[in-house]
Amino acid sequence: MASSSSDDFSVVVLASDLGIDARPFLSKQPAGSPSEIAEEDGGDDWHDCSQDLSHDEDFSDLEFLQFFRLQGSDKAGNRIFRIVGKYFPAPVVSGERLRKYVFHKICSELSEGPFSIVYMHSTVQKEDNSPGISILRWIYEDLPVEIKERLQLVYFVHPGIRSRLVFATLGRLFLSGGLYWKIKYVSRLQYLWDDIKRGEIEIPDFVQEHDDILEHRPLTDYGIEPDPFYLTEVPNTAYPFGRYEDRWATREYAS
């Protein structure tokens, strides 16, 4: 009987309707290759911030808007990323660029240690300031596990009735359990000071003004009493993107 040769081969048969990429089966991996090492370590797909950062990409325009800033700490000692939803011009920033910017901010400004997010939803407009729950979910799920574990809480300031309903009905479907249970709704700024010392983060004037209106007209929170000044409908027009200023200026916000 002939002895076996070092050029023995195997035959792998894959059904054509399984939708499986056959390339990994056709390429022979040398011993000690990264894929084999990963399998020996349990098959975890580790990646760090360095491979997600584009050092040549310019984020100066997004930095100018200051919608995502590292400011202060909460009473538990977690550093805070302050997000002002009204400052984010969703129509002119793609989901991919937003993802890169989020990675850039976290990795370059807070590469280690626990952190929390204070998201200010005051006067946010869905069509002008919201990237969409699907994009937010995609960005979160694409974060390295280590960063997800470092995120302690998301303080959702001035959520409003629409946001509450969306998260109550669809939140568990569109958000992973780890993120869903980290969201803490803050209907008034006075409740935010239970977890964060005053002065730790900057509160924009329009957020304080909106908070004052809700304090005097509490039913506006629940969509029962209309806002006579449409303050929950007026977008910020101070963005340096001229082609959208004309569109915003033509809107009718008062009857």
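A residue counts as buried when its relative accessible area is under 20%. Keep that cut-off in hand for this tour of a predicted model.

**Stop 1: Leu192**

Select Leu192. This residue sits in helix α10, residues 189–192. Is Leu192 buried or exposed? Its relative accessible area is 0%, so Leu192 is buried. Now show its surroundings. Setting aside residues up to four places away in sequence, Leu192 touches Val118, Tyr155, Val157, Val186 and Ile201. Next, pick Phe156. Leu192 and Phe156 are 36 residues apart in sequence, yet their C-alpha atoms lie 9.5 Å apart in space.

**Stop 2: the hairpin**

Select residues 68–73, strand β1, and residues 79–84, strand β2. The two strands pair in the antiparallel sense over four bridges. Which residue of β2 is the bridge partner of Ser73? It is Arg79. Five residues lie between β1 and β2 in this hairpin. Click on Gly77 in the turn: its phi is positive, about 90°. Then move along to Leu70, whose bridge partner in β2 is Phe81.

**Stop 3: the sheet**

Colour the strands. Five of them form an open sheet, in the order β1-β2-β3-β4-β5. The pairing is mixed. Which strands are at the edges? They are β1 and β5 (183–186), each pairing on one side only. Neighbouring strands of this sheet are turned by 25° against each other on average, direction ignored.

**Stop 4: the largest nonpolar core**

In soluble globular proteins, nonpolar side chains tend to be buried together. Here the largest nonpolar core has 32 residues. Select Phe67 and Phe115, which touch the most other members. The elements giving two or more residues to this core are α3 (60–65), α4, β3, α6 (133–141), β4 (151–157) and α9 (177–180). Helix α4 gives the most, with six residues.

Zoom in on Phe67. Leaving aside neighbours within four places in sequence, Phe67 is in contact with Leu62, Arg82, Ile83, Val84, Tyr87, Phe88, Leu98 and Tyr101.

**Stop 5: the other core**

Note on methods:
Residues are numbered from 1 along each chain as its sequence is written. This is a predicted model: local features need pLDDT of at least 70, side-chain atom pairs count only at pLDDT 80 or more; totals for chains, interfaces and linings use all residues. Side-chain values use heavy atoms; hydrogens and water are left out. Two strands pair if DSSP finds at least two bridges between them. Buried means under 20% relative accessible area, exposed over 50%, partly exposed in between (1.4 Å probe, protein chains only). Contact means heavy atoms within 4.5 Å. Axes are lines fitted to C-alpha atoms, for helices over the stretch in contact, and angles run from 0 to 180 degrees between N-to-C directions. A nonpolar core is a set of buried Ala, Val, Leu, Ile, Met, Phe, Trp, Tyr and Cys residues joined through side-chain atoms within 4.5 Å.
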